[in-house]
Amino acid sequence: MSDQKFKVTIDNITVEVAPGTTILNAARMIGGDVTPPAMCYYSKLEGSGGKCRTCLVEVSKGSEKDPRPMPKLVASCRTTVMDGMEVKNITSDKVLDARKGVVEMLLVNHPLDCPVCDQAGECHLQDLSYEHGASTTRYEFDRRTFEKEDLGDYISLHMTRCILCYRCVYTAEQLTQKREHGVLDRGDHAAISTLLGKSLDNEFIGNVIDVCPVGALTDKTFRFKNRVWFTKPVDAHCDCKTCGGKARLWMRGDEVYRVTARKDQWGEVEEWICNDCRFHKKSAKDWVIEGPSKISRHSVISQGHYVGVKKQPVYIDKVIGKDPKMLLDIHTVSDVNRPEVELSKIAGPAHSDDFKNTGK
Amino acid sequence: MKLLLEHAHVEGIRYYDAYRKNGGYRSVEKAFKMTPEEIVEEVKKSGLRGRGGAGFPTGMKWSFLAKPEGVPRHLVCNADESEPGTFKDRYLMEFLPHLLIEGLIVSSFALGSNMTYIYIRGEYAWIVDILEQAIAEAKNNGWLGKNILNSGFDCEIYVQRGGGAYICGEETALIESLEGKRGNPRIKPPFPAIQGVWMRPTVVNNVETLAAVVPIINNGGEEYAKIGVGRSTGTKLLSVCGNVKKPGIYEIDMTQTVEEFIFSDEYCGGIANGKKLKACIPGGSSVPILPANLTLKTAKGEARYMNYESLSDGGFATGSMMGSGGFIVLDEDQCVVRHTMTLARFYNHESCGQCSPCREGTGWMYKILKNIEYGKGKLSDIDLLWDIQRKIEGNTICPLGDAAAWPVAAAIRHFRDEFEWHVNNPDEAQNRNFGLAHYADPIHIPAGA
C-alpha cells in the first residue's frame with residue numbers, strides 16, 4: 001500500500017502523489033501558476049486551512065471509481081486527492097470568479113495602509129490582491145476597528161489588519177507550552193486577543209510573527225526601523241541550544257535589523273526559531289553568516305538582484321484555453337524597438353517612421 | 001393527524017405518571033425485544049427525514065455510523081433550535097419531555113450509544129430543568145442507567161447547555177461546543193458519523209426526528225411511511241408565526257395545500273386583521289422567501305403542498321424549502337426590505353467568523369440593506385447585493401453562508417421593484433410601506449430558470 005500512487009490531474013497536468021496528499025500539495029509539486037494561493041493553510045501546522053477560501057478549486061471528476069464532479073468548489077488545502085481525480089484551478093472561470101470574490105471579502109475590512117505597514121513587501125495578502133483582486137473596492141463603509149491591545153515587549157498586534165487565518169493560534173498551540181491567545185468574539189468582530197491582557201512571552205512564541213500572512217503580528221524590535229526591501233536577507237546560524245539556530249538575518253550594511261526564520265518558496269517557515277535568537281541576537285557577531293538568501297525574483301525584496309535568474313517551467317501548451325500572464329512580445333505590439341533595425345545607420349535621433357519604413 | 005402531539009393536552013403529561021398512563025415508553029419495551037439492526041431497518045422503512053432543516057433520510061444517516069471495535073459511539077440530540085421563526089422543538093421539549101427521552105433511549109439502543117447528549121440552546125434555560133427532571137424520573141423508573149429492562153444495555157442522557165450561538169446548531173460546530181471548545185464548524189470530511197464527539201463516531205439528530213422514532217417503533221416503519229405523500233413521510237411539526245390569525249405549533253401529515261394551511265380555520269385561520277397575503281417563508285428564516293402567488297401555486301400553476309418536494313418545486317428560482325418548519329407569514333403591510341435587513345443583521349451577528357466570505361460578506365450585506373432601508377441606497381446597491389450573495393453562497397465551510405445568502409437572493413429575485421422603490425422614494429419608503437403593489441399577478445419566469 002505504501003508505494004501506491006494516486007494519479008491526479010490539475011489543470012490538465014498529471015502528477016503522481018501519495019494517497020492522503022491534499023490537492024494543494026499536489027499542485028505545489030507541479031508549481032507555477034496552477035498552485036492555488038493559500039492564506040490560512042500552513043503545511044507545518046496541523047489542523048490549519050480551510051478558512052480563508054482562497055484556495056478553492058473545482059473538482060471536475062471525483063475519482064476513477066466515482067467520476068461525478070463535486071457539486072461545490074472545494075478548499076484544496078483540506079481535500080485529499082483520489083485516484084484519477086481531475087481538478088480545475090486557473091482553467092475554471094468559476095474558480096477565478098470565486099477567488100476574486102474571496103479576495104474582495106478579505107480586503108473589505110483590511111485597512112489599505114500598506115505604506116505604513118511593516119509587512120509591506122512580504123505580505124501574502126498584498127501578493128494575493130495584486131494577482132487576483134480588483135483594482136478598486138466596492139465597499140463604501142467604515143472598516144471595523146478594535147481597541148489596541150498590548151501583547152508584551154516583543155510582539156505587536158495590529159488587529160485591524162488581521163484576516164483571522166488562525167495560524168498564530170495553531171502555532172501557539174502546537175509550539176509552545178501554553179497557548180495564551182486565541183480568537184474572542186465572533187463574526188466580523190472576532191479578534192485575536194489574550195485573556196485579561198496577558199503578554200505573549202512563551203519560548204518560540206515569536207514564530208507567530210513569521211506565520212502571520214499579513215501585518216497583524218509584527219516584531220516590536222524591528223517595527224518602523226526599516227522597510228524590508230531596503231534590508232538584505234542573509235542565511236546565518238548560531239549555536240543555539242533551544243532551537244536549531246538556523247535563521248535569516250535582515251541586514252543593512254553590517255547592522256542586523258531583524259532576525260526571522262528561513263522561509264521556503266511558499267512563504268512557510270522551514271525551521272522554527274526561538275525567542276532568544278529572534279529578539280536578542282541583533283548583532284552580526286552572534287551569527288555565522290552563510291550567504292545571501294534565495295528570494296523569489298518576483299519579490300520586491302530581490303529588487304536589483306538579477307543573479308542566477310532561472311526561467312520557471314511553463315506549461316502553456318498544456319494549460320489549454322488560458323493565455324499565460326505577461327508573455328506579450330513587445331515587438332508584436334510596438335513599432336519601435338525592432339531588433340532588425342540598425343540604430344547606428346539612422347542619421348540623427350530615431351523617429352518612429354524610421355522603424356515603420358524598414359521593418360515590415 | 002396527530003402522532004407526536006397526540007397526548008399533548010393531557011393534564012400532567014409533562015410528568016412520568018401521566019405520560020406512562022397514556023402509553024409512554026411502550027416503544028422502549030418493544031425496541032429492546034428487537035435487535036439494533038432491526039430498529040435501524042424500521043427507521044429506514046419509515047422514510048423519516050431529518051426534521052432539522054436539511055431533510056436528510058434519518059435511516060440512511062444511522063446506517064453510515066462507523067462501528068469500529070472498542071470505540072464508544074455517541075448520539076447527540078440537537079436541541080439548539082435558534083433559527084428565527086422556528087420554535088417547534090421548544091414546544092415538544094417543554095410539554096412532552098418524556099417523548100424526547102423515550103425517542104433518545106430507543107435511538108441510543110439502535111446506535112449503541114451509552115452516553116447520549118442533549119445539546120440545548122442556552123436561552124432555553126427553563127427547559128433544561130424540565131428535561132433534567134424528566135431524565136431523573138425516567139432513571140428512577142428504570143428506563144435509564146445500567147442494564148435497562150435486563151437487556152444488558154446501559155444508557156445515560158446528559159443535558160448540555162449551549163452559550164447562545166446560532167452557529168452551534170450546525171452539527172460539527174455543536175460537536176466542538178459540546179467538547180468545550182469554540183463553536184467553529186469543522187471541515188467535512190471527516191463526517192461526524194466517522195469522527196464526531198471526541199473523534200468518536202457520532203450521530204446528531206434534531207429533537208423532532210428523535211421524537212418521531214417513538215411512533216415509528218410503536219406502529220412500525222411501514223405504517224409510518226403510509227402517512228404523508230411521496231418521499232415526505234410521517235407528520236411534521238410546523239411553528240407558524242407572523243400575520244396569521246392563529247400562530248402556534250401545528251402537526252400536519254404533509255398532504256395539505258399551502259392555501260389550506262394558511263387560510264383554513266383548522267390551521268392558521270387566514271391572515272390577521274383582514275389583510276392580504278404578501279409573502280411567506282415556509283421553512284425558517286434561512287430558506288428563500290416566496291411572494292404570494294408562488295406561495296400558493298408552483299410556477300407550473302399547480303397547487304403547492306406542504307411537503308418537502310412541493311415546497312422546493314421550481315428550485316431556487318420559483319421555489320423554496322421545507323427547512324426546519326418555521327412558517328413565517330407576511331401580510332401586505334410588511335416591508336420586504338426591512339425584513340431582509342433584519343435577517344441580514346441576524347446572520348451578520350451569528351456568523352462565527354471562521355471563513356472569510358461569510359465573515360465579511362454578511363456584514364457588508366447588512367450595511368447595504370441598512371442604507372437602502374434608511375433612504376441612503378443607490379440602485380447599483382441592489383446589483384452589488386446580488387453579487388455579494390453570489391460570492392458567499394457555496395463558498396463557505398458550513399451552510400450558514402448559504403443561509404445568509406438565500407434570503408437576500410430570494411428577496412431581490414422576487415421583490416426587486418420594492419427595493420428599487422425604496423431607493424427611488426427614500427422619504428416615502430420610511431413613512432409608508434410598499435404594500436401589495438404588483439404582486440397580485442404572477443411574476444414572469446424566464447424559461448429554463
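Q: In what kind of crossing does α15(B) pass α16(B)?
A: The passage of α15(B) over α16(B) is a left-handed crossing. A crossing has this name if the near helix is turned anticlockwise from the far one by less than a right angle, and it is right-handed if clockwise. The model is predicted: local features need pLDDT of at least 70 and side-chain atom pairs count only at pLDDT 80 or more, while totals for chains, interfaces and linings use all residues. Residues are numbered from 1 along each chain as its sequence is written, and chains are lettered from A and ligands numbered from 1 in the order in which they are written.

Q: Why are α15(B) and α16(B) called roughly antiparallel to each other?
A: Helix α15 (residues 336-350) and helix α16 (residues 356-373) of chain B pack at about 155 degrees, with their axes 8 Å apart. Helices (H or I, at least four residues) and strands (E, at least two) are DSSP runs, numbered from the N terminus. Axes are lines fitted to C-alpha atoms, for helices over the stretch in contact, and angles run from 0 to 180 degrees between N-to-C directions. Angles under 35 degrees count as roughly parallel, over 145 as roughly antiparallel, 65 to 115 as roughly perpendicular and the rest as oblique. The pair α15(B) and α16(B) is therefore roughly antiparallel.

Q: What makes α15(B) roughly antiparallel to α18(B)?
A: The axes of α15(B) and helix α18 (residues 400-424) of chain B cross at roughly 160 degrees and come within 9 Å. This angle makes the two helices roughly antiparallel. By class, their contact has 13 nonpolar, two polar and one charged residues. Here Ala, Val, Leu, Ile, Met, Phe, Trp, Tyr, Cys and Pro count as nonpolar, Asp, Glu, Lys and Arg as charged, and the others, Gly among them, as polar.

Q: How do you know whether A:P233 is buried or exposed?
A: A residue is buried if 20 or more other C-beta atoms, placed from the backbone, lie within 10 Å of its own, exposed if 12 or fewer, and partly exposed in between. A:P233 has 22 such atoms and is therefore buried. A:P233 lies in strand β10 (residues 232-237) of chain A. Not counting residues up to four places away in sequence, A:P233 touches A:R248, A:W250, A:S293, A:I295 and A:I301. Two residues are in contact if their C-beta atoms, placed from the backbone, lie within 7 Å.

Q: What makes strand β1 (residues 73-79) of chain B largely enclosed by the rest of the structure?
A: Seven of the seven residues of this strand are buried, so β1(B) is largely enclosed. B:R73, B:L75, B:C77 and B:A79 point one way, and B:H74, B:V76 and B:N78 the other way. In a regular strand the side chains alternate between the two faces of the sheet.

Q: How do you know that β1(B) and strand β2 (residues 113-120) of chain B pair?
A: Two strands pair if DSSP finds at least two bridges between them. β1(B) and β2(B) have seven bridges, in the parallel sense, and B:C77 has B:I118 as its bridge partner in β2(B). β1(B) also pairs in the parallel sense with strand β4 (residues 202-206) of chain B, over five bridges.

Q: Why is one side of β2 (13-17) and of β4 (74-75) of chain A left without a neighbour in the sheet?
A: The open sheet has five strands in the order β2-β1-β5-β3-β4, with mixed pairing. β2(A) and β4(A) stand at its edges, each with a single partner strand, so one side of each has no neighbour in the sheet.
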